[in-house]
Amino acid sequence: MALKHLSELKQLLVDKPARRLVLAAAQDHNSLASVLMAAKDGFIEPVLVGDKEAIHNIAAENSFDLTGVRVVHEPDSEMAIEIAVRMVRSNQADILMKGKVGTSNLLKGVLNKEWGLRSGSLLSHFAIFEVAAYHKLIAVTDVAMNIAPNLQDKIAIVNNSVACLNKLGVDMPKVAVLGAVEMVSENMQATLDAALLSKMNQRDQIRNCLIDGPLAFDNAISLESARHKGIRSDVAGDTDLLLMPDIEVGNVLYKSLVFFAHAGVAAVILGATAPIVLTSRSDSDQAKYDSIVLAAAISRKD
Amino acid sequence: MITSLRQMADTVRSSGIKKKIAVAWAQDPNTVGSLHRAVSEGFAEAIMIGRREQILAACQETGADPQRFTLVESPDEKSAAELAVSVTRNGEADIVMKGLVGTDKFLRAVMDREKGLLPPKAVMSYVCAVEIPAYHKLLFITDTAVIPFPDLDQKVAMARYALEMAHSFGIEKPRIALIGASEKVSDHFPNTIDYSVMCKMAERGQIPDCIMDGPVDLFLACDPDSVRIKGVDTPLAGDADILLFPSLESCNPFYKGLMLFGGGELAGMICGTSKPVVLMSRSESELSKYYCVALACLMASHKS
């Protein structure tokens, strides 16, 4: 099933029990607003870990309703992270979300060997976009987490993303491995990795998806461009997932989709034992809300 | 489509091809015998460079008529090799062939930067067409003799040369198998990485006019039953025309095994040079040498 709008993510949660989301260092206006909205819509059941007084002040100033919301008081943000992470680890919560703490501090908690959320896989960032010019949602990875993934990292990133897309109902996602050109060149490592990923997919070493690459961006998303170049590919023009060669390309693509193409976006961190919502202040309220819904949709255990 | 070495030689004989071969240090009975046959059949002319007296003796030994050859006196192996290469380079001959001269001396003359036959940056490699009773058609294999551990560029060149030869045999879209120990891609086997890259190059038309797959093992390449049993989705379908080996030390024993135990016969030549170069082991039979000469004439006619 291919989704066209981010609003359709909510349909995956209809008639499902609300997922439990724990917000670490919840005294954060940005994340609190979207968490409470998603709670009001019945998709999540939030637990706020943080400075109780500050949380109540923010709620009062912005007329947020905290009735029935569980608040765990912990003014120290590092301690708040530990409490939130331990809650997910002990199955008292299904989703971890970042509040008023630095990303690196939160991830340090996630990766803690004793009480963290390591699954054995690499952590990777997964973003899914609604772009008016494309016929379905398109996922992009990794635009924020892995700087210069090597081949093994790329395999892990693809596996994380494919499992996520499978949970969103995309059974055999079409994965385009991006390069500057569709030809293989020894001078461009991205094209060599792309060729390897394709072959490993053909040999069932990477499963549940269809991989082709290198593909230039236009070949990946437009069948016409691919035909024009004479590329025969089952992925070209119908890509579900774009695999980025590195973080620079990924980050610029992400931002150009948002700022130039006015794309809607939802994003999560994959590869831990539970989905992690890591929004930044510059994300729109809608993006934060959609990211929470995305996390809820893929944390389904039923 | 040519499916046997005899058919290949027949094709050359009946096609009106006539190529001039310069032979370095030609006083070897097998070489004289094979060339005499090629000249008598009308598809070759031979310039025999070496010790005149010894060439005449070899002619007598094999019953060859020295009148059919152009004899050129040369004092030693090195000058014979240099002269043979030089007349080929300047167009007096189309093909150069090694006689009794040592391989290293011969190749040094071929590879000489100023006076040789190897264009700058060209990859020199060796392709053999092998005929074995156990397989339903010819198998082209590379590289039995020149590149010990080919890197990606060299493997791509090897593939192109083997394809060029297979195309000359009338095989439009040869199936080329990149041979490994299994069909899986693994860091532990660097050749499987090169092979994956090559497959994508073939898919993108960077290595055109072929059906390429690899890594595959020999069974998946040449045995349809294995393909079915293993359930590997490979377009080779156990019907490979070309086997590209990961190293000289894997390819060389393969062909020697076929010669020794499999009743095989072969024709091979050096590729990548501006003109065909015939180089075989001194112990090779007269028939093999004759096939090599015919093959070089066929390839020379496709080049010109």
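Which residues in α6(B) meet which residues in α7(B)? On the α6(B) side, pick L152(B), K155(B), V156(B) and A159(B); they meet D194(B), V197(B), M198(B) and M201(B) in α7(B). Sorted by class, the residues of this contact are six nonpolar, no polar and two charged. Before going on, keep in mind that this is a predicted model.

Two packed helices are described by the angle between their axes and the distance between the axes. The crossing is right-handed.

Next, select helix α5 of chain B, residues 103-111. Colour F106(B), L107(B), A109(B) and V110(B), the buried residues of this helix. They sit on the same side of α5(B), because they cover an arc of only 155 degrees around the axis. What do they pack against? Show β1 (19-24), α4 (77-89), β4 (95-98) and β11 (277-278) of chain B, and you have the partners.

Stay in chain B and go to L258(B), in helix α10 (residues 248-261). Is L258(B) buried or exposed? It's buried, because 21 other C-beta atoms lie within 10 Å, and the cut-off for buried is 20 or more. Leaving aside neighbours within four places in sequence, L258(B) is in contact with V130(B), I132(B) and G264(B).

For a contrast, jump to K121(B), in the loop between α5 and β5 (125-131) of chain B. K121(B) is exposed, with 6 other C-beta atoms within 10 Å. Check its backbone too: phi is near 70 degrees, a positive value in a residue other than glycine. Most residues other than glycine have a negative phi, and most peptide bonds are trans.

Then zoom in on two cis peptide bonds. One runs from T141(A) to D142(A), with omega near 0 degrees; D142(A) is in the loop between β6 (138-141) and α5 (151-167) of chain A. Another runs from G213(A) to P214(A), with omega near 5 degrees, and P214(A) is in strand β8 (residues 210-215) of chain A.

Terms used
Residues numbered from 1 in each chain as written. Chains lettered and ligands numbered in written order. Predicted model: local features only at pLDDT ≥ 70, side-chain atom pairs only at ≥ 80, totals over all residues. Buried ≥ 20, exposed ≤ 12 C-beta atoms within 10 Å, placed from the backbone. Helix = DSSP H or I, 4+ residues; strand = E, 2+ residues; numbered from the N terminus. Arc of directions from axis to C-beta. Contact = placed C-beta atoms within 7 Å. Left-handed = near helix turned anticlockwise from the far one by under 90°. Nonpolar A, V, L, I, M, F, W, Y, C, P; charged D, E, K, R; others polar.
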